[in-house]
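Reader: Could you walk me through this model? I'd like to start with the overall picture and then go into a few details.

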Amino acid sequence: MNYTLDFSPVIDGLPTLLLGCLGTFFLAICGMILAIIIGVGGVALRDSALKPVRWLVIAFVELIRNTPFLVQIFFLYFALPLAGIRLDPTPTAIIALGINGGAYAIEIIRGGVQSIPKGQMEAGLALGLHKAQVFRLIILKPALRAIYPSLTSQFVLLTLSTSIASAISAYELTSVSQRIESESFRSFEVYFTVTLFYLVISWVMMRLFALFSARYFTYPVK
């Protein structure tokens, strides 16, 4: 096999690849924010006194966790227009990432909530707080502290899942690299470089999560 490495297309396309990295960060951060909102809201509804609401949350979690993310993003992008709902690739990717991450976040956060002693909730209720206030002020933060490593690991995985958004041409690192590869036909060089970029992105995300944990989830409580 006579193959000569040529990274010149990668070097020429480096500014575009860096913009693709920013696109990946944007999708990931927006998806995480949406996932946290869905996760916290889903946990609150999961323990609702109304059975249909609980069943709806359970069905949502099982549906998302047991179907491929690629199918989910395709459904949002190709199936919803049949119902008159049309979304551009980037909003579609953010919503898909948020829904997918939210389903996992519900179960992770719920596990943290269940780890909090019931006596803390009873003490809050005895002080005259409403159940929603007890959940927000007494239970949520200790629960998040307990499940923070699991939640952040899931969010790192969510960050890497942004690459699947290239299937609908959302602007992110993988879609940019595919364009460079299709123009240069230097597959190894392009995807070797992209692999390194994803390693750096994952490391940066983990460092950011560690800094956030040191600021908000270490004792004494700040």
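Predicted model: local features only at pLDDT ≥ 70, side-chain atom pairs only at ≥ 80, totals over all residues.

Reader: How much of the protein counts as buried?

Author: Of its 222 residues, 41% count as buried.

Reader: On to packing, then. How do H8 and H9 lie relative to each other, parallel or antiparallel?

Author: The axes of helix H8, residues 173-184, and helix H9, residues 187-216, cross at roughly 165° and come within 9 Å. An angle over 145 degrees counts as roughly antiparallel, and H8 and H9 are therefore roughly antiparallel to each other. The crossing in which H8 passes H9 is right-handed.

Reader: Which residues make that contact?

Author: On the H8 side they are Leu 173, Thr 174, Ser 177, Gln 178, Ile 180, Glu 181 and Ser 184, while H9 contributes Ser 187, Val 190, Tyr 191, Val 194, Phe 197, Tyr 198 and Ile 201. Sorted by class, the residues of this contact are eight nonpolar, five polar and one charged.

Reader: What about H3 and H5, at what angle do they cross?

Author: H3 and helix H5, the latter covering residues 89-114, have axes that cross at roughly 120° and come within 9 Å. H3 and H5 are therefore oblique to each other, and their crossing is left-handed. From H3, the residues Val 57, Phe 60, Val 61, Ile 64 and Arg 65 meet Ile 99, Asn 100, Ala 103, Tyr 104, Ile 106 and Glu 107 of H5. In this contact eight residues are nonpolar, one is polar and two are charged.

Reader: You listed Arg 65 there. Which residues does Arg 65 touch, apart from its sequence neighbours?

Author: Not counting residues up to four places away in sequence, Arg 65 touches Ala 103, Tyr 104 and Glu 107. There is also Asn 100, which lies 35 residues from Arg 65 along the chain, with 7.4 Å between their C-alpha atoms. Arg 65 counts as partly exposed because its relative accessibility is 35%.

Reader: There is another arginine in H3, Arg 54. What is in contact with Arg 54?

Author: Arg 54 sits in helix H3, which covers residues 51-65. Once neighbours within four places in sequence are left aside, Arg 54 is in contact with Leu 45, Arg 46, Asp 47, Ser 48 and Ala 49. Ala 44 is ten residues from Arg 54 in sequence, and the distance between them in space is 9.5 Å, C-alpha to C-alpha.

Reader: Why does Arg 54 count as partly exposed?

Author: Because its relative accessibility is 22%, and the buried class holds residues under 20%.

Reader: Changing topic, how do H6 and H7 pack?

Author: Helix H6, residues 118-126, packs against H7 at an angle of about 125°, and their axes are 9 Å apart. That makes H6 oblique to H7. H6 passes H7 in a right-handed crossing. Gln 120, Met 121, Gly 124 and Leu 125 of H6 make the contact with Lys 131, Val 134, Ile 138 and Ile 139 of H7, and by class these residues are five nonpolar, two polar and one charged.

Reader: Which residues does Thr 162 touch?

Author: Leaving out residues up to four places away in sequence, Thr 162 touches Thr 24, Leu 27, Ala 28, Leu 97 and Glu 172.

Conventions. Residues numbered from 1 in each chain as written. Heavy atoms only, no water. Axes fitted to C-alpha atoms, helices over the stretch in contact; angles between N-to-C directions. Helix = DSSP H or I, 4+ residues; strand = E, 2+ residues; numbered from the N terminus. Parallel < 35°, antiparallel > 145°, perpendicular 65-115°, else oblique. Left-handed = near helix turned anticlockwise from the far one by under 90°. Contact = heavy atoms within 4.5 Å. Nonpolar A, V, L, I, M, F, W, Y, C, P; charged D, E, K, R; others polar. Buried < 20%, exposed > 50% of the residue type's maximum accessible area, 1.4 Å probe, protein only.
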